[in-house]
Amino acid sequence: MTGTLDTPEGEPEAYALFAHCFTCNRFAPAASRISKRLASHGIATLRFDFPGLGQSEGRFEDTTFSSNTLDLLSAYHFLAQNFRPPQLLVGHSLGGAAALRAGSQMKGVRAVATVGAPFDPAHAILHFAEHIPEIDANGAVTLTLAGREIVISKAFLEDLAETDPTTYLHQLRAPLLIMHSPLDQTVGIDNAQKIFMAARYPKSLVSLTKADHLMTRPGSAQAAADMIYTWASQFTGPETGR
């Protein structure tokens, strides 16, 4: 996998890991702008491309939501072995759902934040629901999503169908910040409410004013990063000790 580590000018006060949205890459507005803003606050942030996307090797059709969770764990161990274990885990959209699932398996993570995350990862199917019969019949189908051709496999659908979000949400013990825009037309605000109800305390739900799902509006991603930093500072940094 290929990634970018955004670093502050001085010694980082902590490290973070960012998971991008469905069929996106590490250069998507939410991933790049939030990561860079966190770095400006002193938190070195690793954003990477999931396999088959961006500059990472592999084929997207060979990936699943479960394999993306393992990819996040691999990125976590990379930071732990080469720098420091990331204390903050951030995920956008389906990457947020993956962060919620992977967060409980990352011992060094002190805080988890999601932006526009679906409660159920199977929400991703809404992007191509009309093609499900074709996928079932042929094993895969090539679709144009976000301006690029993507192969959706039957294994991808089956993995989503077998995923129970209540299981891993209940297992997540790190403090959780749920950020969502009430104007989000891709993943409705009700998803944030469901995540909040299912997750353990400590947890917070913040409304992102006038933000679109992909965080393309000027300043929206940076504002989200500022709030993430302010909230996460309660739990991260050298004073937490390890």
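Which residue in strand 4 is the bridge partner of Ala19? In this predicted model, the partner is Gly91.

**View 1. Strand 4 and its parallel neighbours, strand 2 and strand 5.** Strand 2 (residues 14-19) runs parallel to strand 4, and 4 bridges join the two. Ala19 and Gly91 are bridge partners in this pairing. Strand 5 (residues 111-115) also pairs with strand 4 in the parallel sense, over 5 bridges. Here His92 stands opposite Val115 of strand 5.

**View 2. Burial of strand 4.** Leu88, Val90 and His92 point one way from strand 4. Leu89 and Gly91 point the other way, and the residues of both sets are buried.

**View 3. The β-α-β unit of strand 4, helix 3 and strand 5.** The unit is right-handed, and its helix spans residues 94-103. The buried residues include three glycines, Gly95, Gly96 and Gly103. Also buried in helix 3 are Leu94 and Leu100, together with Ala97, Ala98, Ala99 and Ala102.

**View 4. The disulfide of Cys21 and Cys24.** The count for the model is 1 disulfide. A disulfide is a covalent bond between the sulfur atoms of two cysteines. In the link of Cys21 and Cys24, the sulfur atoms lie 1.9 Å apart. The angle about the S-S bond is -85°, and the link is left-handed. Both cysteines, Cys21 and Cys24, are buried.

**View 5. The buried face of helix 5.** Helix 5 runs over residues 154-161, with Phe156, Leu157, Asp159 and Leu160 buried. Seen down the axis of helix 5, these buried residues fall within an arc of 160°, so they line one face of the helix. An α-helix has 3.6 residues a turn, so residues three or four places apart point the same way. The buried residues of helix 5 pack against helix 2 (65-82) and helix 4 (132-138). Strand 7 (148-153) is also among the elements that these residues pack against.

Definitions and conventions:
Residues numbered from 1 in each chain as written. Predicted model: local features only at pLDDT ≥ 70, side-chain atom pairs only at ≥ 80, totals over all residues. Heavy atoms only, no water. Disulfide = S-S within 2.5 Å. Buried < 20%, exposed > 50% of the residue type's maximum accessible area, 1.4 Å probe, protein only. Helix = DSSP H or I, 4+ residues; strand = E, 2+ residues; numbered from the N terminus. Pairing = 2+ DSSP bridges. Right-handed = clockwise from strand over helix to strand, strands pointing away. Arc of directions from axis to C-beta. Contact = heavy atoms within 4.5 Å.
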